[in-house]
Amino acid sequence: MKYMMFVCTDTEPETDESRVPDIEVWVAENDAAGRRLEGNVLAPPSAATTVRVRGGEVLLTDGPFTETKEVIVGFDILECADLDEAIAVAAAHPMAHGGRVELRPYADL
Amino acid sequence: MDAVAVAHREHWGRIVATLIRVTGDWTLAEDCAQDALATALERWPRDGVPGNPGGWLMTVARNRALDVLRRAAVEDRKLREVAMTEAPPAPDDRLRLIFTCCHPALALEARVALTLRTVAGLSTSDIARAFLVTESTMTRRLTRAKSKIAAARIPYRVPEGDALGERLTGVLAVLYLLFNRGYDGEPVLADEAIRLTRMLGTLMPAESEVSSLLALFLLQHSRRHARRDASGDLVPLDKQDRDCWDRPAIAEAVQILHRTPIEGPYALQARIAACHATARTPSDTDWPSIALWYDELARIQPTPVIALNRAVAHGYAHGPAQGLKLLEQAQEIRNDYPMVIAAEADLTARAGDNQRAATLFREAAAATTDGPERRALLTRAAELQP
């Protein structure tokens, strides 16, 4: 099962008192285990362009598609047996400790 | 027909649990279990109740699932698996079902509804009525939960290792919520919570907190006929008619506690409840033991509400001065929880300061929204300051 993992900031971060994992270790471990297929850090929302086509016309907006304070700062594509495995991978990501991480399964088409 | 109703209660969860394992389709599993019961309703009065009603229902439900899958042209492999369930269902299927229904990736209200529907076999309309929502809202809630299980691939299994303890705590929290909901006015939910906890206890006999939770439920439930007066108002523990308490339920709970080690908060709560339930009169209550159990409970769950109850217990066990001292630890919830003021009032009265106690009882009454409770507090104030 493939999951898209959105790595986001949190506007009300509560400091997690447990030791925050190291991102290099997280990437190395999950790449080695074949659980992380792809992933990257994204440029800030100020670099985003939103594209819509309406009435045959391409409409462009400067900035992200939603105006929220939380920002998607990166993503990873995971290959996991099930949600429990994906949760374990997400919980070990440093941004789960100060920001938040959303797991979205690929749609079954 | 009674035999069908009994078979429904006893076998529903097992049939649904097994069909989910072999077909992976929650809705199909429920539909087939329902069909098997409808067939029983038609045939049993005519042909007699089969010797093994559960096995009969399982066979009919399995054949029905096979028919549906065959018509939907599901690949052969799956068909073979379903056909192979001639053998008795694996004993842990219901355990898989309950852990999946209570998965923390589902919303709490969905966990509760799904447990009642698929494990306990309550109808969607009964669940809707118990939670005061329309049937279509409840149907949507259940459908959404089942879709999420499939779409996000929530695994159908009992967690292992470190995850088990954490997830079991979550399952017990769902049962606790169900019981409290029943205790507050939907008796069917309290009965279901007890039935499900009993089932979980037989499936996980080594988990002491499951047994302790069952004992706690039995003890609280034993007071169900004494908790309210004729007008439906709550009757405090010390004013209840103890002859109305369910003695066999209390005896069962006490027996369970005798053989269950103390390994978590439910074990402590159940022992506190047992001290109350086994006291012949309010003055026979073993307050020193209750105070000790609360000391333990406050150590593992240092919440203001437990601090309040601990202070009250110490007040009875070791005098009002000790109670008032410990009540300091509950003062942070004084504004949201008038019981803190009422407890302070009661301890102050027993310490002999009637005037201050009366003032506090009136303060507690002013902060209480519940009518009968407010009247009771004002009565106490009037008694102290006639």
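Reader: Let's start with H10(B): which of its residues are buried?

Author: Count C-beta atoms around each residue: 20 or more others within 10 Å makes a residue buried. In this predicted model, the buried set of H10(B) is Leu189(B), Ala190(B), Glu192(B), Ala193(B), Ile194(B), Leu196(B), Thr197(B) and Leu200(B).

Reader: And what do those buried residues of H10(B) pack against?

Author: Helices of chain B: H5 (93-101), H6, H7 (124-130), H9 and H11 (208-221).

Reader: How does the end-to-end reach of H10(B) compare with the expected value?

Author: The idea is to set the reach against 1.5 Å a residue. H10(B) has 17 residues and spans 25 Å from first C-alpha to last, close to the expected 24 Å.

Reader: Let's do H6(B) too. How many residues does it have, and what is its reach?

Author: Twelve, at residues 108-119, with a reach of 16 Å, close to the 16 Å expected.

Reader: Why is H6(B) described as largely enclosed by the rest of the structure?

Author: Because ten of its twelve residues are buried. The buried ones run through Ala110(B), Arg111(B), Val112(B), Ala113(B), Leu114(B), Thr115(B), Leu116(B), Arg117(B), Thr118(B) and Val119(B). Just past the helix, Gly121(B) has a positive phi of about 80°.

Reader: Where are they, starting with Leu132(B)?

Author: Leu132(B) sits in the loop between H7 and H8 (135-151) of chain B. Arg153(B) is in the loop between H8 and H9 of chain B.

Reader: Is Leu132(B) buried or exposed?

Author: Exposed, because it has 8 other C-beta atoms within 10 Å, and the cut-off for exposed is 12 or fewer. Arg153(B) has 19 C-beta neighbours inside 10 Å, so it counts as partly exposed.

Reader: How many residues of domain 2 of chain B are in contact with domain 3 of chain B?

Author: Eight, and they meet five residues of domain 3 of chain B. On the domain 2 side, H9 (162-183) and H10 (187-203) of chain B each supply at least two residues. H10(B) gives the most, with six. By class, that side of domain 2 has five nonpolar, two polar and one charged residues.

Reader: Zooming out, what is the secondary structure of chain B?

Author: 19 helices and zero strands. The C-alpha atoms fill a box of roughly 80 × 45 × 40 Å along the principal axes. Of the 386 residues, 41% count as buried. To see how far along the sequence the contacts reach, take pairs at least 6 apart: 56% of those contacts join residues at least 24 apart.

Reader: Which residues touch the most other members of the largest nonpolar core?

Author: The core has 124 residues, and those touching the most other members are Leu19(B), Ala33(B), Ala61(B), Leu219(B), Ala253(B) and Ala270(B). Leaving out residues up to four places away in sequence, Ala270(B) touches Ser212(B), Ala215(B), Leu216(B), Leu219(B), Ala253(B) and Leu257(B).

Reader: Last one: which UniProt feature is placed at residues 10-72 of chain B?

Author: The unreviewed UniProt entry has "domain: RNA polymerase sigma-70 region" there. In the model that span is 87% helix and 0% strand, with end C-alpha atoms 30 Å apart. UniProt, again as an unreviewed entry, also puts "domain: DUF6596" at residues 167-259 of chain B. That stretch is 65% helix and 0% strand, and its end C-alpha atoms are 24 Å apart.

Notes
Residues are numbered from 1 along each chain as its sequence is written. Chains are lettered from A and ligands numbered from 1 in the order in which they are written. This is a predicted model: local features need pLDDT of at least 70, side-chain atom pairs count only at pLDDT 80 or more; totals for chains, interfaces and linings use all residues. Two residues are in contact if their C-beta atoms, placed from the backbone, lie within 7 Å. Helices (H or I, at least four residues) and strands (E, at least two) are DSSP runs, numbered from the N terminus. Ala, Val, Leu, Ile, Met, Phe, Trp, Tyr, Cys and Pro count as nonpolar, Asp, Glu, Lys and Arg as charged, and the others, Gly among them, as polar. UniProt positions are given in the numbering used here, feature names are shortened, and annotations may be inferred rather than shown by experiment. The expected span of a helix is 1.5 Å times one less than its number of residues. A nonpolar core is a set of buried Ala, Val, Leu, Ile, Met, Phe, Trp, Tyr and Cys residues joined through C-beta atoms within 7 Å.
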